[in-house]
Amino acid sequence: MVRRFPLAGLLRLRHAEQDRAAAALAAANDRLRDTADARFAARRTLADREQAQPVTDAATLSALAAARASTRGMLEELDAVARTRRAEADGAQAAYSAARRAALGLEKLEGHHDREQAAADLRAEQDALDEIAARRRTEGGAR
């Protein structure tokens with residue numbers, strides 16, 4: 001008789017938690033990549049503007065300085081967003097690792113249970129065979 005793993009429901013729950021944590025980690029990594037792409041594009045735009053703008057008068061110089069200051073402010077904001085998203089990604093990684101550890105512990109318990117159950121089944125089968133053989137000997141069936 002095969003006994004079900006008594007913690008099978010909890011193992012399914014742990015696998016669901018692990019899947020949710022993996023999805024959250026993937027989403028956090030996507031947001032982090034998007035932020036890194038935006039930072040790269042802003043830095044490239046800033047570098048392109050610095051090289052492409054000829055300064056001919058004070059108004060142009062003033063406008064160029066304002067544009068650079070604005071872009072640098074945007075870069076600072078993007079850096080802050082990147083730090084926040086890095087922290088979120090690190091937190092999501094920690095949550096995934098914890099969920100994976102919890103599931104892995106139960107998976108090991110399930111494997112141990114399965115091995116113990118198989119050994120018990122083999123012992124029961126051997127006991128039945130031994131009983132049949134002993135009955136045969138006592139009934140004079142050995143020829």
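Helices (H or I, at least four residues) and strands (E, at least two) are taken as DSSP runs and are numbered from the N terminus. The model is a predicted one, in which local features need pLDDT of at least 70 and side-chain atom pairs count only at pLDDT 80 or more, while totals for chains, interfaces and linings use all residues. Residues are numbered from 1 along each chain as its sequence is written, and side-chain values use heavy atoms, with hydrogens and water left out.

View 1. D79 is found in helix 2, which covers residues 58-138. With a relative accessibility of 12%, D79 counts as buried, where buried means under 20% relative accessible area, exposed means over 50%, and partly exposed lies in between (1.4 Å probe, protein chains only). The side chains of D79 and R43 are joined by a polar contact of 3.4 Å; a polar contact is a pair of N or O atoms within 3.5 Å, of which, within protein, one must be able to donate a hydrogen and the other to accept it, and residues adjacent in sequence count only if both atoms are side-chain atoms. When neighbours within four places in sequence are left aside, D79 is in contact with R39 and R43, contact being defined as heavy atoms within 4.5 Å.

**View 2. T35 and its surroundings.** T35 belongs to helix 1, residues 8-52. T35 counts as buried because its relative accessible area is 3%. A polar atom of the T35 side chain lies 2.9 Å from the backbone oxygen of R31. Not counting residues up to four places away in sequence, T35 touches L78, V81, A82 and R85.

**View 3. D19 and A99.** D19 is placed in helix 1, and D19 counts as exposed because its relative accessibility is 52%. Although D19 and A99 are 80 residues apart along the chain, their C-alpha atoms are separated by 8.7 Å.

**View 4. R4 and R137.** R4 sits in the segment before helix 1, whereas R137 has its place in helix 2. R4 is exposed, with a relative accessible area of 60%, and R137 also counts as exposed, at 59% relative accessibility. These two residues, R4 and R137, are 133 residues apart in sequence, and the distance between their C-alpha atoms is 37 Å. Leaving aside neighbours within four places in sequence, R4 is in contact with G9, R12 and H113.

**View 5. The chain around these close-ups.** The secondary structure of the protein chain comes to two helices and zero strands. Its C-alpha trace spans about 120 × 25 × 15 Å along the principal axes. The radius of gyration of the protein chain is 34 Å, whereas a compact globule of 143 residues would have one near 15 Å; the radius is taken over C-alpha atoms, and the globule rule is 2.2 Å times the number of residues to the power 0.38. Of the 143 residues, 17% count as buried. Among contacts between residues at least 6 apart in sequence, 84% join residues at least 24 apart. The mean positions of the 25 positive and 23 negative charges are 1 Å apart; Lys and Arg count as positive and Asp and Glu as negative, while His and the chain ends are not counted, and each charge is placed at NZ of Lys, CZ of Arg, CG of Asp or CD of Glu.
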